[in-house]
Amino acid sequence: AQGIFFNSQPYQVLSPPLSASQVGTMASTKTISMDEVAKHNSKADCWVVLYGKAYDLTKFGRVHPGGAHLIYDNAGKDATKLFDPIHPKDIMDKLLKPELTMGVVDPSTIKDEHIAKPPAPAPKKAAPVAVAAGVTTEVVEFKKPPLSAMLNCFDFESVAREVMEPQGWGYYSSGGDDEITLRDNHAAFQRITMRPRILVNVRELDLTTTFFNTKVSLPIYFTATALAKLANPEGEVAIVKAAAKVGVPYMLPTLSSYTLEEMLAARTPGQDLWAQLYVNPDRSRSKEYVAKLEAAGVKALFITVDAPQLGRREKDMRNKYTQQGSDVQSDDEEGGEVDRSQGAARAISSYIDPGLVWEDIAWFRSITKMKILLKGVQCGEDVVLAYKAGVDGVVLSNHGGRQLDTSRSGIEILPEAMDALRAAGYDKEKFSVFIDGGIRRGADIFKAIALGATGVGLGRPVLYSLASYGQKGVVRMADLLQDELTMVMRLSGTPAVKDITPSHVITRNLADHFVPLPCDNLQSSTYQPLLPASRI
């Protein structure tokens, strides 16, 4: 305030009150000592240092998707070494209100006792062995087979289950509720039968196609999946590089383990990247993020529309429960103050807007020239509404079976969607229809293209191959799918992607979930069934 005089008397001109963001900005630039942070070392008053900044995580700890103990056990400490292997450097700035950033910590005041130490590495898992009654068997350490031994997507999944930490495996493999949709995503493809044609010249095959006028090596893309560092320390950076080698797009996730800048820096010249977006309740944050994407040359924006709340993923929830043995929250356990079942959903609500509606599409079209697609559309009516709203396409998806259980797979929705679009007079050159969920074979890709899909997205196969063998594993997985698709196209009499039509498949049983199927031994052998609490 400035001092002024009126009738020879001093008066003060009061400045307007500061907004929360202004307060947060002032706090985030304030320098504090580590000794000050160390005073806030309880679950009732919890400050944690991450990448040189102190954050007040007292309330956030209770809804932390990874478990409250991970926050409260490190109250008053620098937890960067624990945080870095999974999360990007900027995630707290995305999640927390600005006023919860308490200041920048003077690095000269940080002592060894202030630094949270990572836990000791878990012992290596034993290989699964058959135990006969009354026979003692030697426990054999799991020995990872060579990359060349991987012959299909399920091989990568079986290796990933052995080499991943329980937290990461539980997070990636879990589905919603009874995991019926999770399993049906792949089983649905087996309800479609092939109708090959003969005596077609298939000496030379062309597996290439175009996405948004850009040529790709085969009709797939690597879809957005959260927290890829749970699979491999190189996380999304390795996926960016693998996508470049394969010659397909990668959809950058909002909830990544690396920052946007780090992911963008990994791309090769001319590489096409897309981006997935969770719409923030604070639209200015979404606008800022979209502007960054567009300035970086990202070609398409996929707005997630199927997650106004997270589904209940019990495999993941039970895993978090067994991991939380901390004394610091034992009282909260008994008093019911720690709500694990809704923790992730409550945490995610701080940066995903459940109030997103059709009328908001016009705003997105006004702030970017990128292609805009809706990810998570699940019926023909909504596909037509998306087309009429002026977006550039949709992804038929149920979020990998992680949201509403017993919802339909993308491949089952596809015929309904295409019929609805044709009835609406859509222009296939201006509106793309992608699907994801359950794609594990080259035949699955073929069936999706036959029914009208522009291309298909791969999620878990990318994560499992990354967890098993890193970047080379992802490339190998895509090469195997390419080999399978080559075989299927040749045996079906389709020399090019454009030659694959609905006449090459039979969908009579697709929507009939009671149709008997042969046992899928690969899926049955790699799927980890849900168990009740008494059996865990």
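Is helix 18 (residues 442-450) largely enclosed by the rest of the structure or largely open, and why?

A: The model is a predicted one. Helix 18 is largely enclosed by the rest of the structure, because eight of its nine residues are buried. A residue counts as buried when its relative accessible area is under 20%. Those in helix 18 are Gly442, Asp444, Ile445, Phe446, Lys447, Ala448, Ile449 and Ala450. After helix 18 comes Gly452, with a positive phi near 115°.

Two other parts can be described alongside it. From helix 6, the contact involves Cys153, Phe156, Glu157, Val159, Ala160 and Val163. On the helix 19 side, the residues met include Pro461, Tyr464, Tyr469, Arg476, Met477, Leu480 and Leu481. By class, the residues of this contact are 12 nonpolar, three polar and two charged.

The other part is Tyr250, which lies in strand 13 (residues 250-252). Tyr250 counts as buried because its relative accessibility is 1%. Leaving aside residues up to four places away in sequence, Tyr250 touches Phe222, Thr223, Glu236, Ile239, Val240, Ala243, Asp272, Leu273 and Trp274. For one of these, Glu236, the separation from Tyr250 is 14 residues in sequence and 9.4 Å in space, C-alpha to C-alpha.

Notes: Residues numbered from 1 in each chain as written. Predicted model: local features only at pLDDT ≥ 70, side-chain atom pairs only at ≥ 80, totals over all residues. Heavy atoms only, no water. Buried < 20%, exposed > 50% of the residue type's maximum accessible area, 1.4 Å probe, protein only. Helix = DSSP H or I, 4+ residues; strand = E, 2+ residues; numbered from the N terminus. Contact = heavy atoms within 4.5 Å. Nonpolar A, V, L, I, M, F, W, Y, C, P; charged D, E, K, R; others polar.
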